[in-house]
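Please keep the sequence and the structure at hand while reading.

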Amino acid sequence: MADALIASQHTQASAKAASSLRTLSLISLAHWVSHFHMLVLPMLFPFLKTQLGTGYVELGFAMTVFAVVSALVQTPVGYVVDHAGARRILLVGLTLGGLSLVMLGLHLSYGSLIACAVLLGVANAVYHPSDYALLAAHMEEARMGRAFGVHTFAGYLGGAVAPAIMAALVTWVGGFGALIAAGLVGPAAALLQVIGNVPEVPPHHHHEDGAKPPKSSLLTPALIMLTVFFMLLSLSSSGIASFGVVALMNGYSVSFSEANIALTAFLGASAVGVLAGGVLADRISHHGLVAAISFAINTVLMLATTFLTPPTLLLTALLTAAGFLSGVIAPSRDMMVRNAAPAGAAGRAFGLVSTGFNFAGIISPLLFGWIMDASAPRWLFGASVIFMLLTIVLTFFTGRPTKAESAA
């Protein structure tokens, strides 16, 4: 009898682990799609410029529209996620974003480009609230940090492979076909979510006594500061990702290929750092301390990059280390939001703080573009130092463990 009971418990545990792995894989796939779709239009700018007869300013305006729309609707989408269901909204986001690109491929005009940017912005606002609500509800507590790490890594990977995929698609099926093919990835991923039967988030989370949690305001000091924290995190690295090659060539006299290798090392190390950070986040409850220490070391690395002229190999090594540490922070960042979210409001909480990314997306091109226009390429890295220092200060207010964590 006892053996049968043990066997039954083992079977249930194995089934639960398999379900968690399937859920994590499918949600991570959705995050891959979100980052891939964000880069589809920028990768096709040369094609769009030729077809539409516009300048890069007009094309850049489409991406500004994307960022502004995503910022405006991110928090409202979080409320919808918590009330209508994260799984349902994720399916809508994947389908809407994909079909907007298909529409543009079938009918290309400047008006349809702006309409596509608006719809992509709405779809982009779906992913963080839905994904994190699903992960927070269905992943094992002991593996939550690693789950967040895998999810973030998948997003990084989507952005990393987007240029190569779009270049291949343009070669094989042309610009119009590339838009349609890239768009169809969204509905295909949505179909996989349905086939894989990703479980929905329960409409209400309950306390241990079974009572519904009391309603609480989302605009808590912790979540407001975490929104600023997300913005500063993004600003500390977005300039390097966007203008790093040009800054390295103009400020350090490295070749185009050497600059690309250095930037690739920075971005690749960030993805690896995310996975390492997930393991760390599961073992340390003081998540803000992880961010503070990582950025403190990064500040030193970026100061050396700003004011010294190291050999190319050492410069690449500095950027590789900086990228790795930037990635390490991501899972702890997500754990901080999860711990600060009111009960039953994970979607809204992640929707709110993710607007920090959107604000950074609006500010970053203007700020770092101005730095490059001012012929001060080294201050691309110097500005990152300033944002890192501000982030370190903010971690002392955002990274305190909850009572539950302290008791554990």
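## Terms and basis of the model

A residue is called buried when its relative accessible area is under 20%, exposed when it is over 50%, and partly exposed in between, as judged with a 1.4 Å probe on protein chains only. The model is predicted, and local features therefore need a pLDDT of at least 70, side-chain atom pairs count only at pLDDT 80 or more, and totals for chains, interfaces and linings use all residues.

## Overall make-up

The protein has 14 helices and zero strands, where helices (H or I, at least four residues) and strands (E, at least two) are DSSP runs numbered from the N terminus. Of the 408 residues in the protein, 50% are buried. Contact here means heavy atoms within 4.5 Å, and among the contacts with a separation of 6 or more, residues 24 or more positions apart account for 84%.

## Two helix pairs

Helix α11 (residues 312–340) packs against helix α12 (residues 346–373) at an angle of about 140°, with the axes 9 Å apart; axes are lines fitted to C-alpha atoms, for helices over the stretch in contact, and angles run from 0 to 180 degrees between N-to-C directions. The two helices, α11 and α12, are therefore oblique to each other, given that angles under 35 degrees count as roughly parallel, over 145 as roughly antiparallel, 65 to 115 as roughly perpendicular and the rest as oblique. On the α11 side, Arg333, Asp334, Val337 and Arg338 meet Ala349, Phe350, Val353 and Phe357 of α12. By class, this contact of α11 with α12 has five nonpolar, no polar and three charged residues, with Ala, Val, Leu, Ile, Met, Phe, Trp, Tyr, Cys and Pro counted as nonpolar, Asp, Glu, Lys and Arg as charged, and the others, Gly among them, as polar.

Helix α4 (residues 56–84) and helix α5 (residues 86–106) have axes that come within 7 Å and cross at roughly 130°, which makes α4 oblique to α5. Here Val77, Val80, Val81 and Ala84 in α4 meet Ala86, Arg88 and Ile89 in α5, and the contact of α4 with α5 has six nonpolar, no polar and one charged residues.

## The nonpolar core

A nonpolar core is a set of buried Ala, Val, Leu, Ile, Met, Phe, Trp, Tyr and Cys residues joined through side-chain atoms within 4.5 Å. The largest such core has 106 residues, and those with the most contacts inside it are Leu41, Leu48, Leu248 and Phe381. Helix α8 (residues 221–252) supplies the largest share of this core, 13 residues. In soluble globular proteins, nonpolar side chains tend to be buried together.

Once neighbours within four places in sequence are left aside, Leu48 is in contact with Leu41, Gly53, Leu59, Leu108 and Leu113.

His151 lies in helix α7 (residues 144–195) and is buried, with a relative accessible area of 0%. Apart from neighbours within four places in sequence, His151 is in contact with Ile27, Ser28, His31, Asp131, Tyr132 and Leu135. Asn298, placed in helix α10 (residues 287–307), is likewise buried at a relative accessible area of 0%. Not counting residues up to four places away in sequence, Asn298 touches Ala321, Ala322, Leu325, Ser326 and Met388; the C-alpha atoms of Asn298 and Met388 are separated by 7.8 Å, although these residues are 90 apart along the chain.

Ser238, in helix α8, is buried with a relative accessible area of 16%, and, with residues up to four places away in sequence not counted, touches Ser364 and Phe368.

## Two loop serines

Most residues other than glycine have a negative phi, and most peptide bonds are trans. Ser253, in the loop between α8 and α9 (256–283), has a positive phi of about 55° although it is not a glycine, and at 69% relative accessibility it counts as exposed. Ser375, found in the loop between α12 and α13 (379–398), also has a positive phi of about 55° and is exposed, with a relative accessible area of 62%.

Terms used. Residues numbered from 1 in each chain as written. Heavy atoms only, no water.
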